[in-house]
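Dear colleague,

Please find below the structure that I am handing over to you. My notes on what was found in it follow directly after.

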Amino acid sequence: MFNNLPLHALIVHMPIALTVLVPLFALLGLWLGRRVMKPHVAWGFPVGMLALLLVSGLVAEKTGEQQEERVERVVPEAAFEKHEEAAELFLLVTGGVLVLAAGGLMNNSLGRTLRVVGTVGTLAVLGAGWNVGHSGGQLVYVHNAGAAYGSGAVNSAGSSTETTDSHNP
């Protein structure tokens, strides 16, 4: 926890922002590759952004897992599992698009094709990221997940969740 905020809540903003920016960087990489520099060189920007997105998504997943037990005391299990499954799909899609996009670093016709495929793939990443963010927002704003970190929190069944958590001081 940092200033009474769970670490997951602080970390998730990086992959959320990158999810929105990656398609723009892919389009920029294609444009730069046609106008300013060699295509396979310009394509390094979106590949780097996808790699950073995957790493930040993995960190977000890890911090979410660390806080899972505490939040499950407040949030219905089905809602939590929906978010968790959306995050897993997001990581799979991002990893797959990263592999395809990395092929765009080749300086040949296959590389050219994979740069276009990678750009289209970033839209799938955006869609998967949207689902994770939406389900996470529902945990916070519909199911009051933040109450797990307040004093005297009450879960959806009406019972108190006030406990001492040795993992999160």
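**Notes on the structure**

The accessible surface of the protein chain is about 9,600 Å², and carbon and sulfur atoms account for 65% of that surface. Please keep in mind that this is a predicted model. The protein chain has 169 residues, of which 41% count as buried.

The secondary structure consists of six helices and zero strands. Read from the N terminus, the order of the elements is therefore simply written as α-α-α-α-α-α. Among the contacts in the protein chain with a separation of 6 or more, 75% are between residues 24 or more positions apart.

**The nonpolar cores**

The largest nonpolar core contains 20 residues, and those with the most contacts inside it are W43, L50, L53, F90 and V125. At least two residues of this core come from each of helix 2, helix 4, helix 5 and helix 6. Helix 5 contributes the most, with seven residues. Another core, of 10 residues, lies apart from this one; V74, V75, A145 and A148 are among its members.

Setting aside neighbours within four places in sequence, V125 is in contact with T19, L50, L53, F90, V93, T94 and V97.

**The largest pocket**

How much space lies in the largest pocket? The volume is about 890 Å³. Its lining is made up of 36 residues, and H8, A9, V12, H83 and G136 are the closest to the centre of the pocket. Two or more lining residues are given by each of helix 1 (7-11), helix 2 (13-35), helix 4 (44-72), helix 5 (77-103) and helix 6. Sorted by class, the lining holds 18 nonpolar, 13 polar and five charged residues.

Helix 6 covers residues 109-141, and G133 is found in it. Is G133 buried, exposed or partly exposed? The relative accessible area of G133 is 34%, which lies between the limits of 20% and 50%, so this residue counts as partly exposed. G133 and V12 are 121 residues apart along the chain, yet their C-alpha atoms are separated by 8.7 Å.

T119 also belongs to helix 6. Its relative accessible area is 10%; buried means under 20%, and therefore T119 is buried. Not counting residues up to four places away in sequence, T119 touches A26, L27, L30 and W43. W43 is also one of the residues with the most contacts inside the largest nonpolar core.

S135 is a further residue of helix 6. With a relative accessible area of 3%, S135 is buried. Which residues does S135 touch, not counting those up to four places away in sequence? They are K82, H83 and A86. Of these, H83 is also among the residues closest to the centre of the largest pocket.

**A glycine in a loop**

G104 is located in the loop between helix 5 and helix 6. Although G104 is in a loop, it is buried, with a relative accessible area of 0%. Beyond residues up to four places away in sequence, G104 touches H40, W43, G111, L114 and R115. From G104 to A42 the distance is 10.0 Å, C-alpha to C-alpha, while the two are 62 residues apart in sequence.

With kind regards

Terms used
Residues are numbered from 1 along each chain as its sequence is written. This is a predicted model: local features need pLDDT of at least 70, side-chain atom pairs count only at pLDDT 80 or more; totals for chains, interfaces and linings use all residues. Side-chain values use heavy atoms; hydrogens and water are left out. Helices (H or I, at least four residues) and strands (E, at least two) are DSSP runs, numbered from the N terminus. Buried means under 20% relative accessible area, exposed over 50%, partly exposed in between (1.4 Å probe, protein chains only). Contact means heavy atoms within 4.5 Å. Accessible areas come from the Shrake-Rupley method with a 1.4 Å probe; for residues, only the protein chains shown count as cover. On a 1 Å grid over the protein atoms alone, a cavity is a set of points where a 1.4 Å probe fits but cannot get out, and a pocket is an open set with protein on both sides within 12 Å along at least five of seven lines; lining residues have an atom within 4 Å of a point. Grid points are joined across faces, edges and corners, and a volume is the space filled by probe spheres set on the points. Ala, Val, Leu, Ile, Met, Phe, Trp, Tyr, Cys and Pro count as nonpolar, Asp, Glu, Lys and Arg as charged, and the others, Gly among them, as polar. A nonpolar core is a set of buried Ala, Val, Leu, Ile, Met, Phe, Trp, Tyr and Cys residues joined through side-chain atoms within 4.5 Å.
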